[in-house]
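The structure is shown first, and the description follows.

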Amino acid sequence: MCFCGPGTKYPDRPVAEACGFKTIVPAKPDDPKLTDWTTPDPDVFTTNSSKLGWCNVDPEDAYSSKVKFKEECHCKYDGLWGQFCETHVECICINQCSGHGHCRGGFCQCDSGYFGIDCSIPSAYSVAYEWPSWLQAPVNLPDLKNLSNIPINVNAVVEKKRPLIYVYDLPAEFDSHLLEGRHYKLECVNRIYDEKNRTIWTRQLYGAQMALYESILASPHRTLNGDEADYFYVPVLDSCLITRSDDAPHLQMPEDLRLRSYHTLEYYRKAYDHIAQRYPYWNRTSGRDHIWFFSWDEGACYAPKEIWNSMMLVHWGNTNTKHEKSTTAYWADNWDDIPLDRRGNHPCFDPRKDLVLPAWKEPNPGAIWLKLWARPRINRTTLFYFNGNLGPAYEEGRREDTYSMGIRQKLAAEFGSTPNKQGKLGRQHTANVTVTYLKSEMYYEELASSIFCGVLPGDGWSGRMEDSMLQGCIPVIIQDGIFLPYENVLNYNSFAVRIQEDDIPNLIGVLQGMNETQIDFMLGNVRQIWQRFFYRDTMLLEAERQKKLFTEEEAAWSVEVSKLEEGDDVFATFIQVLHYKLYNDPWRQGLLQEKETGLPSICSKAS
């Protein structure tokens, strides 16, 4: 990461990527500028107001247009605010260091007496009053005001909730250094902080990885004793690694074929080597009780073969029964060329052991206040709705024919409600069907005004399932052989519709053939379970931190999220799935018997 540095007026101002290099004037007026990575641009240090400077440009002069500045330069690093980085703000750290440390760009510098990735683990010298809630014993401690100098004895047994999860404390290169090294503050996180240190939730879909990590660390299901653990969570932040690969050329190495997918595989394998060599837990079960989160577009398709026994958390449940190869249209994420001796020959998703989790969606105060998920049938006048990139036939569409495996293109060809580049609508376009690429400021409202909403892939998964559920719309899934969130757990037939890719021309006929009783039944079930697609737990953790700093008026999202009726969110559903596996899988039951009795089980020996 590059900064203006000593000798300049604003040494903390970033000089990121194209900011510090010369630009190449485009050959055609409409072509984008290109960066000449071989030629540094000394003008960023200029004090000459007639040149395009940066490091010595006064913010007030720039805002008032008294001086010019280089447009490729901006305040993109975390911890800084304003177009010219004039304000230092809170950085993003895991659980914001739990109130027991200082967040330094993504890395927690813990106070004396605390340690761990989020400073949540007290040392033996910390007093019980300061222990985090997930570690506190259920005893009545004396009031601090009434304590004398005489030591008190407290006998406490901490009641623990199964399943118990042990979280590996990995070297910083796998988590906190990746947070520190973000070249753009919004990458891979679910929140940042504004000039007053108020929470701004991001629309970064990959923020689910951080949300789950924080919830596990603050949960009563967490244990620090690996010997009693039912599951072991390995917190590699692959979304932060992959987003960095685009702006950090040193991460795209020839031995990785310059593929982000291959580089990520090797990163997970390094984490495997670390835990297998330094901890006793992996070899006990060959990793079957371990959990890894692959949050990127094609999930665990490029998981190293050594860890495939484990449970994979993904957003992309491709069983490879139809789409056998990489489905992304972006070359750097394609995994087809990764050697079999590194990847193995496993599918992307195994519904017998893996779980698809929802992507991250920000809490929208207006949508929650309006209870869009509960909007009644009578107010839903659009039969079918889909808004998103529709491929090369449309303005601003992805150029690759393989984008979305061609599924969005097929849908648009039949039912497109916005003209394509040739001025044509879909062959079967009808008034109460919306299939458009035009971005809308009323997106949530339009979803909530629809009965059925399309769930189609992008470069792998997309966030359309979550959008449908959170706005109370019945999901219509068009992606063969690919599991959606919890589809191997929940009864999808009760709240969603599946259409085969070859049946797209018959889509509207199928939906029109459903009677009102069926529709009301499915809408009712969507209303019952929508919170299972919402990361409420991590939002409440943040609300607890923010209420110490701001009033309710300053944090509208906190008020609305706190008012929600108690319901099982993503984290609660995740825990329930682990609990079910623990008590219904004979192999896991055997391990549990060993922990509780100390005696070996027949099941564990047989396996």
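## Conventions

Helices (H or I, at least four residues) and strands (E, at least two) are DSSP runs, numbered from the N terminus. Two strands pair if DSSP finds at least two bridges between them.

This is a predicted model, in which local features need pLDDT of at least 70 and side-chain atom pairs count only at pLDDT 80 or more, whereas totals for chains, interfaces and linings use all residues. Residues are numbered from 1 along each chain as its sequence is written, and side-chain values use heavy atoms, with hydrogens and water left out.

## Confidence

The pLDDT (the predictor's confidence in each residue, from 0 to 100) has a mean of 89 over the protein chain, and 89% of the residues reach 70 or more. Over residues 601-607, however, the pLDDT is below 50, and this stretch has 12 contacts in the model beyond near neighbours in sequence; contact means heavy atoms within 4.5 Å. Where pLDDT is low, the predicted coordinates should not be read in detail.

## Hairpin and backbone features

Strands E5 (residues 101-104) and E6 (residues 107-110) are paired antiparallel through four bridges. His-102 has Gln-109 of E6 as its bridge partner. Two residues lie between the strands of this hairpin, where Gly-105 adopts a positive phi near 70°.

Most residues other than glycine have a negative phi, and most peptide bonds are trans. Ser-65, a residue other than glycine, has a positive phi near 65°; Ser-65 belongs to the loop between helix H1 (59-63) and strand E3 (80-81). The peptide bond between Arg-162 and Pro-163 is cis, with omega about 5°. Pro-163 is located in the loop between strand E8 (121-122) and E9.

## The six-stranded sheet

An open sheet with parallel pairing is formed by six strands in the order E12-E9-E13-E14-E15-E17. Its edges are strand E12 (222-223) and strand E17 (355-356), each pairing on one side only. Within the sheet, E13 (residues 231-234) and E14 (residues 290-294) are joined in the parallel sense by three bridges, and Tyr-233 has Ile-291 of E14 as its bridge partner.

Angles here run from 0 to 180 degrees between N-to-C directions, and axes are lines fitted to C-alpha atoms, for helices over the stretch in contact. Helix H5 (residues 260-278) lies across E13 and E14, at about 160° to E14. Helix H16 (residues 570-584) lies across E9 (165-167), E13, E14, E15 (311-314) and E17, and runs at about 160° to E15.

## The five-stranded sheet

A further open sheet has five strands in the order E19-E18-E20-E21-E23, again with parallel pairing. Strands E19 (433-436) and E23 (497-498) form the edges, each pairing on one side only. E18 (residues 382-387) runs parallel to E19 and is joined to E19 by four bridges, with Tyr-385 opposite Thr-434 of E19.

Helix H9 (residues 407-415) lies across E18 and E19, at about 130° to E19. Helix H13 (residues 516-529) packs on the sheet and touches E20 (450-455), E21 (474-477) and E23, its direction making about 100° with that of E21.

## Packing of H14 and H15

The axes of helices H14 (residues 536-546) and H15 (residues 556-563) come within 10 Å and cross at roughly 125°. H14 is therefore oblique to H15; angles under 35 degrees count as roughly parallel, over 145 as roughly antiparallel, 65 to 115 as roughly perpendicular and the rest as oblique.

H14 contributes Arg-536, Met-539, Leu-540, Glu-542, Ala-543 and Gln-546 to the contact, and H15 contributes Trp-557, Ser-558, Val-561 and Ser-562.
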